[in-house]
Amino acid sequence: MVSVVQNVAIDCVDAYELALFWSRVTGRPLHPEDGPGHQETQVLLPEGPVLHFNQVPEPKRLKNRIHLCLRPETSRDQEVERLLAIGATFVADHRNPDGSGWAVLADPEGNEFCVLRSESDRAATDS
């Protein structure tokens with residue numbers, strides 16, 4: 001027997017607002033019963049676990065031990081620019097001159113996540 005991952009839980013100060021940010025990142029909807037002021041909110045992903053936001057009283061203080069890695073449909077650099085425009089902040093640049101690598105961003109509450117190369121980025125540099 002095995003366990004199945006039901007959701008990825010993210011503690012946050014404002015569950016609804018942070019879920020809205022991640023809904024814009026992923027292009028996926030919030031759970032239809034979630035709304036402003038809810039202490040638990042979910043972003044419904046098409047496959048796999050949902051993103052589950054838990055409202056807690058304390059803010060994030062240290063680096064995440066677990067984080068999300070995103071593989072964009074557009075180029076990595078275009079996606080970084082899009083995410084910065086919707087409220088992400090730039091944390092660290094691990095992109096290499098040969099096109100490999102990733103960028104580390106943070107959501108509005110400071111949770112780090114990575115933006116990887118897209119499949120088209122990979123095909124262009126791996127051939």
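Val104 stands opposite Cys114 in β7, and this position belongs to the antiparallel pairing of strand β6 (residues 101-106) with β7, which runs over four bridges. Two strands are said to pair if DSSP finds at least two bridges between them, and the strands themselves (E, at least two residues), like the helices (H or I, at least four residues), are DSSP runs numbered from the N terminus. The model is a predicted one, in which local features need pLDDT of at least 70 and side-chain atom pairs count only at pLDDT 80 or more, while totals for chains, interfaces and linings use all residues. Residues are numbered from 1 along each chain as its sequence is written, and side-chain values use heavy atoms, with hydrogens and water left out.

**Strand β7 and its partners**
- On its other pairing, β7 meets strand β4 (residues 68-70) in the parallel sense over three bridges, with Phe113 of β7 as the bridge partner of Leu68.
- Both faces of β7 (residues 112-115) are covered, since Glu112 and Cys114 on one side and Phe113 and Val115 on the other are all buried, where buried means under 20% relative accessible area (1.4 Å probe, protein chains only).
- The hairpin of β6 and β7 has five residues between the strands, and within this hairpin Gly110 takes a positive phi near 90 degrees.

**The sheet and its helix**
- Four strands form an open sheet of mixed pairing in the order β4-β7-β6-β5.
- Because β4 and β5 (89-95) stand at the edges, each with a single partner strand, one side of each is left without a neighbour in the sheet.
- Neighbouring strands of this sheet are turned by 25 degrees against each other on average, direction ignored, with axes fitted as lines to C-alpha atoms (for helices over the stretch in contact) and angles running from 0 to 180 degrees between N-to-C directions.
- Helix α2 (residues 76-85) packs on this sheet and touches β4, β5, β6 and β7, and its direction makes about 5 degrees with that of β6; contact here means heavy atoms within 4.5 Å.

**The whole chain**
- The protein chain has three helices and seven strands, which follow the pattern β-α-β-β-β-α-β-β-β-α along the sequence.
- Buried residues make up 37% of the 127 residues in the protein chain.
- Of the contacts in the protein chain with a separation of 6 or more, 52% are between residues 24 or more positions apart.
- The C-alpha atoms of the protein chain fill a box of roughly 45 × 35 × 30 Å, taken along the principal axes.

Key. Buried < 20%, exposed > 50% of the residue type's maximum accessible area, 1.4 Å probe, protein only.
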